[in-house]
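These are my notebook entries on a structure that is new to me. I wrote down what I looked up, in the order in which I looked.

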Amino acid sequence: MEAFLTALAGMGEPATLLTLLLSVAIGLVIGAIPGLTVNIAVALAVPLAIFMPTSQALVMLIGLYGAGIFGGSISAILLNAPGTPASAATVFDGFPMAQRGEATKALRISLVASVFGSIFSILLLILLAPQLADFALRFGPVEIAALLFFTFTIIGVLSGDSMVKGLLSASIGMVLATVGSDPMLGTPRFTFGLTSLLDGLTYVPLLVGLFALAEIIDEVTKGFPRSKQRFDLDQEDRARNRISLPEWRSLLLPMTRASGIGSFIGILPGIGATIASFMAYADIKRSARNPEAFGKGDIRGVAASESSNNAVVGATFIPTLALGIPGDAVTAILLGALVIQGVTPGPLIFVNAPEVVYTIYIVLFASTVLMGVIGYFAIRPLALTLRIPKIYLMPCVALMCVAGSYVARNNILDLFVMLGAGVLGFIFNRTGVPVAPLLITFIITRPFEEAVRQALTQSEGSMAVFFTNPISGGLILFAIGLMGFTLRSERRRRSTARSAPQ
Amino acid sequence: MTGGRAIGLACTVASILFLAILVPGIDANRFTGGGMQFYSVGPTALPYFAGGLMLLFSVLTLITSGQERPKPAESGVASASLWRPVVFILLAAALSGGMLIAGFLIAAILFLLAVFWIYGAASKPLALGLGVAVPLGVDLVLRKLFYIPLPVAPFLS
């Protein structure tokens, strides 16, 4: 109770409330602009979070995350181009609705579905995370090492279209994490005599480069394409854009199902909101009596996609808080920000820093409610942000990438790490290699190495301990089985694609 | 060659170099703990493990990427003119390096104006206004609100 009151008091600070308001508003704007993703928003905010109290930093990062995902639906509906990849499935029915003069209705459904999905997953987080953490408290180094290796496998297998490319990205993340002093003996590894590398590659420039600069380089390559807004919300018929009670009733079941799917996907590390929205959309379409209505402006399609992608937001915090394993790229960024703040996520956070856990719960709720309020009253001004030309916007964001990477440590080397990571992220994006596994593995590699070496010290150097322990053995077997299954289905998919006519 | 194959090849070469040259170099720096015995593995174990995994998945990417049809995004790399990203990266590198010599403000203003000019910003007054206002704003917010100083030109300090 005391921890809850401390968290509530922290939230009541004027600076924290102002940060919440600003972060939700900025998140909505950034999410709405195609090319600026939630990842960019959160990555650019991390350098500032270093200099804030923990509760204020959490408010800023979580506010940007939730609002940014909803913001993506605005351009998906009005431009036929999702502002964030997570809103890609919203295009299918949102844009046809806008074409027949129901853009405002689509945006309102998207907003309500987003709030519904968020609240659903936050409740799940509050119910499940403490139970999972309680179970994980019994884990020793053997189980922790196996769980982290399992995470490495699952994020590689489930992120992106190709398992091999996902695992390649994850293994590059592991290699990059070996730079710096080793955690047991302090032996320098790949530091090339530079003292600034003794702590390893700094997390902030790496994520700013991978997520923000890489996207900007991509926009530069396309020549800063200008989006054309085709619909004027003021010209729409107000009566036609009202949502009737039977329509609301018809949305309740799809939103609940989609929120369940989104939450389940959110709990699994490395998958993220994009896949969740496509899976939920396919599920609702399959279960509908009239699936042929989907893709032509069905309100259930918009609701399913938006409920599921926002349900991922709360659910990704379940593995992040309970196990210290990030659920997606944004929670990987948040996890790193928490570590910079001196808070180590994992089962012990519920014992050592319960006020941080309560702050996260409160912030998730508060930012969702605020997103609903701002989103409802500011849909028209938000639609105007789509007109901002990228030629002016993107170079300014690039400037913020440089400033943000520098201020983290006041070290010029970090700027070149950021540039290198930006080029790497750009190449990854262009060659279909997912970026999220690299960052997630980069974060979990150090605890993995510590756990493996502690386990081997306890077992007097015997590797058998990883296979005889039931949890560890089970996780390793499951990981191998999952890889085999994915490899088989990918091979089958490739042979089907080859035999299909050109 | 598809983009997947190219990245597979580049990563294969990088992982071989990592395993053959960089990882053995760690032993040279190794601290020998005065006869202390550890049952655990040493500091080179994880780099060998990570490098081995990278090599394995690079080779697999190299092999399997040839079996798939190139995606529009991959083929887009070849068709898009490469000067745009290359020039932008060079400008960003110049900004990063130039910050120490000219200070953040001057380097950032020059960077923005150069980008607006090279990539053809339509409105010159807007480009000029943003080119000056944004660096000033970033500098002011960081300096006054967060008390984080950015580099200042030696001749201005």
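**Entry 1: helix 2 of chain A.** I looked up what the buried residues of helix 2 of chain A pack against: helix 1 (2-11), helix 3 (38-49), helix 4 (54-79), helix 16 (354-377) and helix 17 (379-384) of chain A. Helices here are DSSP runs (H or I, at least four residues), strands are runs of E (at least two), and both are numbered from the N terminus. A contact means that two C-beta atoms, placed from the backbone, lie within 7 Å. A residue is buried if 20 or more other C-beta atoms lie within 10 Å of its own, exposed if 12 or fewer, and partly exposed in between, again with C-beta atoms placed from the backbone.

The model is predicted: local features need pLDDT of at least 70, side-chain atom pairs count only at pLDDT 80 or more, and totals for chains, interfaces and linings use all residues. Residues are numbered from 1 along each chain as its sequence is written, and chains are lettered from A and ligands numbered from 1 in the order in which they are written.

The buried residues of helix 2 of chain A include A:Thr16, A:Leu20, A:Val24 and A:Gly27. I noted that helix 2 covers residues 14-32 of chain A and reaches 27 Å from its first C-alpha to its last. That is close to the 27 Å expected at 1.5 Å a residue, where the expected span is 1.5 Å times one less than the number of residues.

**Entry 2: A:Leu22.** I found A:Leu22 in helix 2 of chain A. Why does A:Leu22 count as partly exposed? A:Leu22 counts so because it has 14 C-beta neighbours inside 10 Å. I also checked A:Leu22 against A:Gly324: they are 302 residues apart in sequence and 28 Å apart in space, C-alpha to C-alpha.

**Entry 3: confidence.** I looked up pLDDT, the predictor's confidence in each residue, from 0 to 100. Chain A averages 86, and 98% of its residues score at least 70. Among the elements of chain A, helix 17 has the lowest mean pLDDT (79) and helix 8 (residues 163-177) the highest (93). In helix 8 of chain A, 15 of 15 residues are buried.

Chain B averages a pLDDT of 83, with 81% of the residues at 70 or above. Over residues 73-78 of chain B the pLDDT is below 50, and this stretch has 11 contacts in the model beyond near neighbours in sequence. Where pLDDT is low, the predicted coordinates should not be read in detail. For the model I wrote down ipTM 0.88 and pTM 0.83.

**Entry 4: chain B.** I counted 5 helices and 0 strands in chain B. Of its 157 residues, 30% count as buried. The unreviewed UniProt entry lists "transmembrane region" for residues 7-26, 46-65, 86-119 and 125-142 of chain B; such annotations may be inferred rather than shown by experiment, feature names are shortened, and positions are in the numbering used here. Residues 7-26 of chain B are 100% helix, with end C-alpha atoms 27 Å apart. Residues 125-142 of chain B are also 100% helix, with ends 26 Å apart.
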